[in-house]
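Please read this briefing alongside the sequence and the three-dimensional view. The points below are grouped by topic.

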Amino acid sequence: MTMTTATTMAVLLKPMISAQRLLLFQTQKHTSIIAQQPKQHGSLLVASSVRQSDNYCQNLVDEFDPNIPIEKALTPPSSWYTDPSFFDFELHRVFYRGWQAVGYTEQIRNPRDFFTGRLGNVEFLVCRDDDGKIHAFHNVCRHHASLVASGNGQKVLGWTYGLDGALLKATRMNRIQNFDVNEFGLKLLNVATWGPFVLLNLDKEILPQQEADDRVGSEWLGSCSEFLGANGVDSSLSYLCRRVYDIECNWKVFCDNYLDGGYHVPYAHKGLASGLNLNSYSTTTYEKPCMLSFIPNFMINRYGPWMDTNLVLPLGPRKCQVIFDYFIETHLKDDKDFIERSLVDSERVQIEDTRLCEGVQRGLETPAYSSGRYAPTVENAMHHFHQLLHDILKE
């Protein structure tokens, strides 16, 4: 559960409820996209520039020592949250690897449904064809790079593409030479589903749908996939609504706030704290023994009849977008009064957290701050997050 939305809902469901949060981690050991770019550009100058940037960012990574016990450890330096070069380094090392949750099967429930989104500089399009198969593509028209579609629905723009990505019609091209329509379809992305979630993998070979679905649970969630499935994180929940927040802070500021073990709740959320037993709050971390497990920007919160998810999208060194999606057990989906009260309280807490996170970002950018400390009894999940992030950035 989160100390934001989840605990707010919990108060409505059962005062003084014991709060529990699952912290999930996932990574894959793949070749760095940064390392591939110089070869792609074919320029020694570009290759040298990338190596210099890579070395610079690795030095910033080394400023945090993950092996120091939490009782003695310093938090990562402020440069991890403010430096533009480090932000780009993170995109390639963290977000362009492994499985990334991007949406829900409910968004493509019917044939010809689609939704779009952006991850770093990757624009993507996910759709369901007439046979029920899910496809994902780079959302870029092969004519002059216009976005093929925006938002969600059943209408797409640009050249005419099939739901399998094939170019079906390119208008007013009758005099063009050396043009093969079979070479100008949309570029594929690897897609899979787990429970109600749709996931993309930007650097994995394109897998058949069934194989991707079979593998994504263990690769994305690791050792906690069975636990989540057994505790109601599945497709049986009814999707309710989405709330989107643009926050002027680095994506990790929001994650740190989420993972502080309720440390900030008595000060930032007085209404929430009055009905929550903070002494009962606990955090459980999972990781596979032979593979680091890491979900850098996706939180799953299951409490009572509710589930909400928080997707944190990095938009820049000091800006992120946080998408909240709400689900509820089917027997309560028509209880409008209960749902509305819960969502109103949730909205209040998100506004409070937005102010808090933006204040932290401003503090990180001042010369007065370099690194901080952890509260050992409650911030173990945050420390674990920083350790795992460090390991990925060192690969």
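The side chain of Asn190 makes a polar contact with the backbone nitrogen of Leu207 at 2.7 Å, where a polar contact is a pair of N or O atoms within 3.5 Å, one able to donate a hydrogen and the other to accept it, and residues adjacent in sequence count only if both atoms are side-chain atoms. This is a predicted model, in which local features need pLDDT of at least 70 and side-chain atom pairs count only at pLDDT 80 or more, while totals for chains, interfaces and linings use all residues. Residues are numbered from 1 along each chain as its sequence is written, and side-chain values use heavy atoms, with hydrogens and water left out.

- Asn190 lies in strand 10, residues 190-194, a strand being a DSSP run of E with at least two residues, numbered from the N terminus.
- Asn190 counts as buried because its relative accessibility is 1%, and buried means under 20% relative accessible area with a 1.4 Å probe, protein chains only.
- Beyond its neighbours within four places in sequence, Asn190 is in contact (heavy atoms within 4.5 Å) with residues including Trp99, Leu199 and Ile206.

Methods. Helix = DSSP H or I, 4+ residues; strand = E, 2+ residues; numbered from the N terminus. Buried < 20%, exposed > 50% of the residue type's maximum accessible area, 1.4 Å probe, protein only.
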